[in-house]
Amino acid sequence: MASPNDEFHAFFEQHHAELSRLAYLLLGGPDGAESADDLAADALVAIWHHWDRVRAARHPLAYARGVVANLARSRIRSRTRERRRVALFWSQHGEPAEGPDVPAMLDVRAALRRLPYRKRACVVLRHAFDLSERETASALGISVGTVKSQTSRGMAELERMLTEAVTSTAEEDPRGLLRGLGSGPVERRGW
């Protein structure tokens, strides 16, 4: 019988890359892979602290995805609060803040970043990680009906955004672009 340390080590080796990719797609910010790796590491530390509970769960990976999703939500909220504080600071000091640097080409990650968190999480888990509606609901702590509606609305928004980008550049199926999120190995840089 394997010790808890060995079990956790095996869990870590098997799922770290997937949890890191999930974090990357949920965060979507300019920090990229480093921030996603940090978030995945933080999630795995939290999982280690509760390893007895996690390994007793019916679906330890779903539990881990939920931890990553919750930490990502917390980081996104923190970033939003920080941006608001910076904007408030500059608005009170009379110096105009520069506008955002909007890229000319809208790719899938940029489109995902534009989605609200819950829609983004549902779309990423359903299409990039190929989870069922029930598994997605369990990972996010929401109902299956909410997963269905948020995924449908998120996909419609993504399709609209990607269709606008694709028609200006080339003829390609926008849904095919999204399916590409879940394929291929995870690389340290340039996912």
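The largest nonpolar core of this predicted model has 45 residues. Those with the most contacts inside the core are I47, L112, Y117, F129, L140 and L158. Two or more residues each are given to this core by helix 1 (4-27), helix 2 (33-49), helix 3 (51-56), helix 4 (60-92), helix 5 (108-114), helix 6, helix 7 (133-140) and helix 8 (144-169). Helix 1 supplies the largest share, with 9 residues. In soluble globular proteins, nonpolar side chains tend to be buried together.

The chain holds 9 helices and 0 strands, and its elements run α-α-α-α-α-α-α-α-α from the N terminus on. The chain has 191 residues, of which 38% count as buried. Contacts between residues at least 6 apart in sequence were also examined, and 70% of them join residues at least 24 apart.

Packing between helices is considered next. Two packed helices are described by the angle between their axes and the distance between the axes. For helix 1 and helix 2, the angle is about 145° and the axes are 8 Å apart. The crossing of helix 1 past helix 2 is right-handed. On the side of helix 1, the contact is made by P4, N5, F8, F11, F12, H16, L19, S20, A23, Y24 and L27. On the side of helix 2, the residues are A33, S35, A36, D37, L39, A40, L44, I47 and W48. By type, the residues of this contact between helix 1 and helix 2 comprise 15 nonpolar, 4 polar and 1 charged. I47, one of the contact residues in helix 2, is also among the residues with the most contacts inside the largest nonpolar core.

D37 belongs to helix 2 and takes part in the contact with helix 1. Its relative accessible area is 15%. D37 is therefore classed as buried, since this value is under 20%. The C-alpha atom of D37 is separated by 9.9 Å from that of L22, and the two residues are 15 apart along the chain.

Helix 1 also packs against helix 6, at an angle of about 145° and with the axes 9 Å apart. This crossing, too, is right-handed. From helix 1, R21, L22, L25, L26 and L27 meet Y117, R120, A121, V124, L125 and A128 of helix 6. The residues of the contact comprise 9 nonpolar, no polar and 2 charged.

Helix 6 covers residues 117-128, 12 residues in total. From its first C-alpha to its last it reaches 15 Å, close to the 16 Å expected at 1.5 Å a residue. An α-helix has 3.6 residues a turn, so residues three or four places apart point the same way. Helix 6 is mostly covered, with 9 of its 12 residues buried. These are Y117, K119, R120, A121, C122, V123, V124, L125 and A128.

Helix 6 is followed by D130, which is placed in the loop between helix 6 and helix 7. Most residues other than glycine have a negative phi, and most peptide bonds are trans. D130 has a positive phi of about 55° although it is not a glycine. The relative accessible area of D130 is 64%. This value is over 50%, so D130 counts as exposed, whereas D37 is buried.

Note on methods. Residues numbered from 1 in each chain as written. Predicted model: local features only at pLDDT ≥ 70, side-chain atom pairs only at ≥ 80, totals over all residues. Heavy atoms only, no water. Helix = DSSP H or I, 4+ residues; strand = E, 2+ residues; numbered from the N terminus. Expected span 1.5 Å × (residues − 1). Buried < 20%, exposed > 50% of the residue type's maximum accessible area, 1.4 Å probe, protein only. Core = buried A, V, L, I, M, F, W, Y, C linked by side-chain atoms within 4.5 Å. Axes fitted to C-alpha atoms, helices over the stretch in contact; angles between N-to-C directions. Left-handed = near helix turned anticlockwise from the far one by under 90°. Contact = heavy atoms within 4.5 Å. Nonpolar A, V, L, I, M, F, W, Y, C, P; charged D, E, K, R; others polar.
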